[in-house]
Structures are given as structure tokens and as C-alpha cells.
Amino acid sequence: FAARGGTVEAVRGVSFAVSRGEIFGFLGPNGAGKTTTLRMLTTLLSIDEGEARVAGFDVASAPAKVRQQIGYVSQLGGADNLATGREDLMLQGRLYGRERGAVAARVQELLGLLDLTSFAERQVKTYSGGQKRRLDVALGIVHEPQVLFLDEPTTGLDPQNRANLWQHVRTLRDHGVTVFLTTHYLDEADALCDRVMIIDGGTIVAEGSPRELKRDVVGDAVVLRVGDDEAARVRAETLLAAVPFVRSTTQAKDGELHCYVDDGPAALPELLRRFDAAQIALRAISLSEPTLDDVFLAKTGRSLRDSEAGAAA
């Protein structure tokens with residue numbers, strides 16, 4: 001799209017397919033192209049080049065057909081705060097042309113499915129953040145769409161409400177709804193998604209199930225901190241580069257060294273012996289199973305958490 005200083009390519013060469021009845025996660029830092037891609041798929045932003053089909057319909061040539069088959073929950077939500085939850089849901093269903101009796105039955109079903117019944121007659125302005133987010137999801141599926149798009153659905157929620165919403169999203173998947181989820185929360189994508197795609201700078205850098213990506217791209221993660229002395233970090237990196245069982249090493253923005261090995265429990269004591277023999281003091285060393293942040297670090301050379309911190313600064 002056109003911008004000051006020239007044309008900006010928000011996404012480049014993005015190609016993927018989402019299977020019916022799966023939770024598909026679109027993962028990346030703020031500004032990576034997640035929301036731009038989602039808005040194109042939901043007909044809210046025109047596509048300059050390429051083709052996209054959602055629920056069997058071409059997004060560019062049949063946008064009305066696409067809208068009939070999808071639900072969309074934006075980051076800001078769409079509920080009327082002065083109406084009750086039930087009134088919001090009834091209005092949404094009627095706007096899709098459904099008969100009043102059918103909408104009422106569907107609303108009652110959703111109130112139970114998403115644990116909204118006990119406060120359905122209260123004004124939305126009195127809802128907690130988690131309650132309001134569940135209502136937003138209900139508004140997105142009141143017309144029984146084939147595909148539900150969720151844009152950063154748990155931003156601002158506390159851990160308990162996030163986990164609660166995750167369970168409701170899984171329930172929707174179990175009821176046959178295909179869920180397309182954008183998020184920058186690593187634990188959310190790892191815990192919730194059947195498959196994820198990581199985007200950075202408008203380009204896809206990895207795709208697969210969370211388990212596949214962590215196993216195939218990284219290995220076990222050993223995290224080392226040798227202090228704030230740059231010379232010590234260089235010596236440590238040189239040592240690690242010469243160790244045959246270390247697959248790769250990357251330095252995070254905070255100075256930590258992340259090295260990846262096939263067998264972490266066996267590698268850890270051997271690394272300690274080598275650092276001791278080289279007289280390189282370690283301030284900390286830890287072993288963990290790889291995370292999606294390790295995948296992002298291996299693919300881009302930087303941590304996704306570092307990218308988020310830079311975007312927020």
C-alpha cells in the first residue's frame with residue numbers, strides 16, 4: 001500500500017492452507033503483518049496481488065459470500081456497552097437475517113456454551129474483561145460461521161481469564177468451527193493451536209505444529225549467561241562453536257547465549273566441564289525444552305520477546 005516515502009509491502013509471498021476444524025495460529029511480533037493478513041482474509045482490506053479463498057469463496061470476487069461464512073472478533077471487540085449481553089447477541093443474529101425464534105434459541109445455546117448465562121441480563125459495561133471477551137466471541141459465532149477469526153483475543157486478560165478463554169476456543173473447535181487466531185503470545189500459540197505459522201516482516205519464517213517446529217528446528221535449549229563482559233561472551237561463543245554436539249548458538253538481546261543440542265541432559269554436564277577447563281565463569285546455566293521463542297530466535301536471529309519489547313519502547 002502507499003505510504004509516505006513510497007510503497008510498503010505489508011506481506012510478501014504469504015501462502016498457506018487451513019484445514020477444516022483446526023485451530024490455526026498466526027504468530028509474530030507487532031507489525032509483522034498478522035493483522036494485515038487477517039483483514040485481507042476477512043474482506044476488510046483489499047488484496048493488491050495474489051488470491052485468497054475462505055470457506056470456498058474468493059475473497060476478492062465474492063466478499064459477501066465470504067462474510068456470510070465467517071465470524072470476526074477484532075482486538076477492540078464490538079459489543080454495545082449500554083445493552084445487555086442477550087440484547088447484543090439478539091441484535092447480531094437478527095442483523096444476519098435470522099428469524100427471531102431461531103436467533104433466541106441460538107443465543108440461549110451460546111450463553112451456556114460460553115458461560116454467559118448468569119450475567120446475560122446485565123449491561124455489558126458492567127462485565128469484567130474476561131466476560132466481555134467471551135461475549136465478543138459469542139457475537140462472532142451467533143450466525144454459526146464455518147470459520148472464526150480471532151485477532152489477539154486475550155490481550156489484556158489476566159492468566160486465569162486467558163486460560164478460561166482458551167478452553168472455550170477448544171470447545172468451539174470440537175463443535176466443528178475452524179479457528180484462525182492471531183497472537184504474539186508464545187504460550188498461547190503453544191498451548192492452544194493445532195498448527196502455527198510464524199510471520200516476521202511480512203514473510204513466513206516457519207510453519208507446522210508447535211511440537212514439530214520445536215523438535216525439528218531447534219532441539220533442546222541450553223541457556224547460558226557469562227556476565228556483562230563482551231570479551232567473555234565472545235570466548236564462550238568460540239568455545240560453543242567448537243563443541244561437536246552443539247547444533248547452533250544464538251545470542252539474545254539481553255546477552256544470554258542460547259545453544260541447541262539433541263540431548264540436553266547429556267550435554268549439560270559436559271558443557272560445564274568444558275567451561276570449567278577453559279576458565280570461563282558462568283553466572284547461570286539452565287536446560288529447558290525448546291519454546292516457540294527458540295524457534296523464532298533460530299529463524300530470525302533474535303528473540304520474539306525482544307522484538308515485542310522493541311516495538312513497545
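A residue is called buried here if its relative accessible area is under 20%, exposed if it is over 50%, and partly exposed in between, with a 1.4 Å probe and protein chains only. Helices (H or I, at least four residues) and strands (E, at least two) are DSSP runs, numbered from the N terminus. The model on your screen is predicted, so local features need pLDDT of at least 70 and side-chain atom pairs count only at pLDDT 80 or more, while totals for chains, interfaces and linings use all residues. Residues are numbered from 1 along each chain as its sequence is written, and side-chain values use heavy atoms, with hydrogens and water left out.

**Stop 1: helix α3**

Select residues 85-95, which form helix α3, and look for Gly85, Asp88, Leu89, Met90 and Gly93, which are buried. The buried residues of this helix pack against α4 (100-113) and α5 (129-141), where contact means heavy atoms within 4.5 Å. Just after α3 you will find Gly97, which takes a positive phi of about 85°.

**Stop 2: the sheet**

Now show the strands, and follow an open sheet of six in the order β6-β7-β8-β3-β9-β10, with mixed pairing; two strands pair if DSSP finds at least two bridges between them. At the edges stand β6 (70-73) and β10 (203-208), each of which has a single partner strand, so that one side of each is left without a neighbour in the sheet.

**Stop 3: strand β8**

Move on to β8 (178-183), of which six of the six residues are buried, so that the strand is largely enclosed by the rest of the structure. Both of its faces are covered, with Thr178, Phe180 and Thr182 buried on one side and Val179, Leu181 and Thr183 buried on the other. Five bridges join β8 to β3, and these two strands run parallel; here Gly25 has Leu181 in β8 as its bridge partner. Five bridges also join β7 to β8, again running parallel, and Phe149 stands opposite Phe180 in β8.

**Stop 4: the rings**

Display the side chains of Phe16, Phe24, Phe26, Phe149 and Phe180, which ring pairs link into a cluster. Rings of Phe, Tyr and Trp (its six-membered ring) pair if their centres lie within 6.5 Å, and planes under 30 degrees apart count as stacked, over 60 as edge-to-face and the rest as tilted. By this rule the count comes to seven aromatic pairs. In one of them, the rings of Phe24 and Phe180 have their centres 5.5 Å apart and their planes at 35°, so the pair is tilted. This pair links distant parts of the chain, with Phe24 in strand β3 and Phe180 in strand β8, 156 residues apart. Phe24 is buried at a relative accessible area of 0%, and Phe180 is buried at 3%.

**Stop 5: Thr42**

Finally, select Thr42, in the loop between α1 (34-41) and β4 (53-54). At 3% relative accessibility, Thr42 counts as buried. Leaving aside residues up to four places away in sequence, Thr42 touches Ile70, Tyr72 and Phe149.

Note on methods
Axes fitted to C-alpha atoms, helices over the stretch in contact; angles between N-to-C directions.
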